[in-house]
Amino acid sequence: MYKFIFFLGLSSMLWSCKDSVREEYLTAIATMEQELDSMLLIAEANRIDTLPKLIDHIKNRTLEVSKYYVPDTIDLEIAKMMNLYRDVRKAMSSNSGNLAKVKNSIPEVKQKLADLRYDIENGLGDREKYSEFVNFERSKVNQIKEILNYYLDVKQEFTDVFRETDPQVQSFIRELKNE
């Protein structure tokens, strides 16, 4: 009789430990889902709807400068300004791919998290690997976060450069046309 009670007590302790671990996994999944939702909102709020127009604007201004500015030697300050201006176009074009990666990855990872949550809630699959699966999904969420942060940093940096150089380029073009 004592063995039965001991066995019953031991199994209920083990079961409650498994329940607490299961709850930890489910909490981690819920946290990751919230992070992904937040990242998607940030990505949507920081996309550049006018990116094609911005790129065309820079291309057109660059062509105007090369059309009107044909000196024997190039002024170093003008060269720096135009290189910065071109860098904005290149950086913004390539950086838009990072935003696309973020926006495409989030639904995929959310689906994997939903599948993992279902498996954990219902005790399906290899229970010994739940921790590994949760950590794998955590690494994917962190990768998305890194890409989004990189996108935001580059966007901010080159938006600032554009705001600084565009008026200078516009002014330079006006000067060239008036000569």
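## A polar contact between glutamate 35 and arginine 138

In this predicted model, the side chains of glutamate 35 and arginine 138 are joined by a polar contact of 3.1 Å, the term denoting a pair of N or O atoms within 3.5 Å, where within protein one atom must be able to donate a hydrogen and the other to accept it, and where residues adjacent in sequence count only if both atoms are side-chain atoms. Glutamate 35 belongs to helix H1, which covers residues 2-45; helices here are DSSP runs of H or I with at least four residues, strands are runs of E with at least two, and both are numbered from the N terminus. When its neighbours within four places in sequence are left aside, glutamate 35 is in contact (heavy atoms within 4.5 Å) with Arg138, Val141 and Lys145.

## Basis of the values

Residues are numbered from 1 along each chain as its sequence is written, and side-chain values use heavy atoms, with hydrogens and water left out. Because the model is predicted, local features need pLDDT of at least 70 and side-chain atom pairs count only at pLDDT 80 or more, whereas totals for chains, interfaces and linings use all residues.

## Overall architecture

Of its 179 residues, 31% are buried, where buried means under 20% relative accessible area, exposed means over 50% and partly exposed lies in between, with a 1.4 Å probe and protein chains only. Among contacts with a separation of 6 or more, 90% are between residues 24 or more positions apart.

## Helix H2 and its buried residues

Helix H2 has 18 residues, which at 1.5 Å a residue should span 26 Å, and its end C-alpha atoms are 26 Å apart, in agreement with that value; the expected span is 1.5 Å times one less than the number of residues. The buried residues of H2 are Leu51, Leu54, Ile55, His57, Ile58, Arg61, Thr62, Glu64 and Val65, and they pack against H3 and helix H4 (130-178).

Aspartate 56, found in H2 (residues 51-68), is by comparison partly exposed, with a relative accessible area of 43%.

H2 and H3 pack at an angle of about 155°, with their axes 10 Å apart; axes are lines fitted to C-alpha atoms, for helices over the stretch in contact, and angles run from 0 to 180 degrees between N-to-C directions. That makes H2 roughly antiparallel to H3, since angles over 145 degrees count as roughly antiparallel, those under 35 as roughly parallel, those from 65 to 115 as roughly perpendicular and the rest as oblique. The residues of H2 that meet H3 include Leu51, Lys59 and Thr62, and those on the H3 side include Met82, Arg89 and Ser96.

The axes of H2 and H4 come within 10 Å and cross at roughly 35°. This contact includes Leu54, Glu64 and Tyr68 of H2 and Phe162, Gln170 and Lys177 of H4.

## Serine 96 in H3

Serine 96 lies in helix H3 (residues 76-122) and counts as partly exposed at 31% relative accessibility. The side chain of serine 96 reaches the backbone oxygen of serine 93 at 2.7 Å, while the C-alpha atoms of serine 96 and tyrosine 151, 55 residues apart along the chain, are separated by 7.8 Å.
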